[in-house]
Amino acid sequence: MIRRVTHISVYVKNEDEALAFFTGKLGFKKKMDNQMGPGGPRWITVTPAGQPDFEVNLFNPASWSKGEEAAVIATQTAQIGHQAMIILDSDDIDADYRALKAAGVTIELGVRDLPWGRDLIFQDLYGNRYNLVQSKPG
């Protein structure tokens with residue numbers, strides 16, 4: 001029986017740039033940064049500060065596929081910046097909005113009030129979209 005989600009992958013063009021964005025601008029913590037065997041690709045994960053058991057894998061398709069997998073690489077690389085929106089939780093969306101703006105993060109849609117709470121939409125350095133949500137209490 002499936003019990004929980006442990007990881008999601010976000011396609012990135014450059015692992016170091018993505019790691020700097022997630023840790024420096026979003027406040028995530030680096031959890032793993034390991035080489036997958038000699039000369040292999042890197043396995044890099046970050047976690048939201050308040051959820052250390054959930055990891056975001058910063059996945060560069062070009063570094064994982066070789067040889068005959070070139071067609072797969074092209075398909076995956078084309079998805080960078082076009083992935084499904086990821087939804088993140090906030091306990092103070094106004095403070096998070098100010099922090100994201102101050103860090104130079106692209107805000108696509110500012111804070112808005114909705115029947116179920118408040119949200120905003122921002123983009124990472126590759127154009128992937130994230131919905132930051134503060135639900136109403138109760």
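β4 (55-59) is mostly covered, with five of its five residues buried. This is a predicted model. Both faces of the strand are shielded. E55, N57 and F59 are buried on one side, and V56 and L58 are buried on the other.

Which strands pair with β4? β1 does, running parallel to β4 and joined to it by five bridges. In that pairing, Y11 has F59 of β4 as its bridge partner. β3 also pairs with β4, through two bridges, and these strands run antiparallel. Here T45 stands opposite N57 of β4.

Now widen the view to the sheet. β4 belongs to an open sheet of four strands, in the order β1-β4-β3-β2, and the pairing is mixed. β1 and β2 are the edge strands, each pairing on one side only. Ignoring direction, neighbouring strands of this sheet are turned against each other by 25° on average. In general, strands of a sheet pair through backbone hydrogen bonds, either parallel or antiparallel. β2 and β3 run antiparallel and are joined by six bridges. Q35 stands opposite R42 of β3.

Next comes the helix on this sheet. α1 lies across β2, β3 and β4, and runs at about 10° to β3. At the start of α1, a side-chain oxygen of N14 comes to within 3.0 Å of the backbone nitrogen of D16. Which residues of α1 are buried? They are E15, A18, L19, F21 and F22. Seen down the axis of α1, these buried residues fall within an arc of 160°, so they line one face of the helix. An α-helix has 3.6 residues a turn, so residues three or four places apart point the same way. The buried residues of α1 pack against β2, β3, β4, α2 (61-64), β7 and β8.

β5 and β8 pair in the parallel sense over four bridges. I86 has Y130 of β8 as its bridge partner.

What about the nonpolar core? The largest one has 27 residues. F22, L26, V56, L58, L100 and F122 touch the most other members. Elements giving two or more residues to this core include β1, β3 and β4, as well as β5, β7 and β8. The helices α1 and α4 (93-102) are also among them. α1 gives the largest share, four residues. In soluble globular proteins, nonpolar side chains tend to be buried together.

Which residues does L100 contact, leaving aside its neighbours within four places in sequence? The list is K25, L26, V105, I107, L120, F122 and L132.

Q83 sits in the loop between α3 (70-78) and β5. Its side chain reaches the backbone oxygen of S9 at 3.3 Å. The side chain of Q83 also reaches the backbone nitrogen of Y11, at 2.5 Å. Not counting residues up to four places away in sequence, Q83 touches S9, V10, Y11 and N128.

Note on methods: Residues are numbered from 1 along each chain as its sequence is written. This is a predicted model: local features need pLDDT of at least 70, side-chain atom pairs count only at pLDDT 80 or more; totals for chains, interfaces and linings use all residues. Side-chain values use heavy atoms; hydrogens and water are left out. A nonpolar core is a set of buried Ala, Val, Leu, Ile, Met, Phe, Trp, Tyr and Cys residues joined through side-chain atoms within 4.5 Å. Buried means under 20% relative accessible area, exposed over 50%, partly exposed in between (1.4 Å probe, protein chains only). Contact means heavy atoms within 4.5 Å. A polar contact is a pair of N or O atoms within 3.5 Å; within protein, one must be able to donate a hydrogen and the other to accept it, and residues adjacent in sequence count only if both atoms are side-chain atoms. The arc is that of the directions from the helix axis to the C-beta atoms. Two strands pair if DSSP finds at least two bridges between them. Axes are lines fitted to C-alpha atoms, for helices over the stretch in contact, and angles run from 0 to 180 degrees between N-to-C directions.
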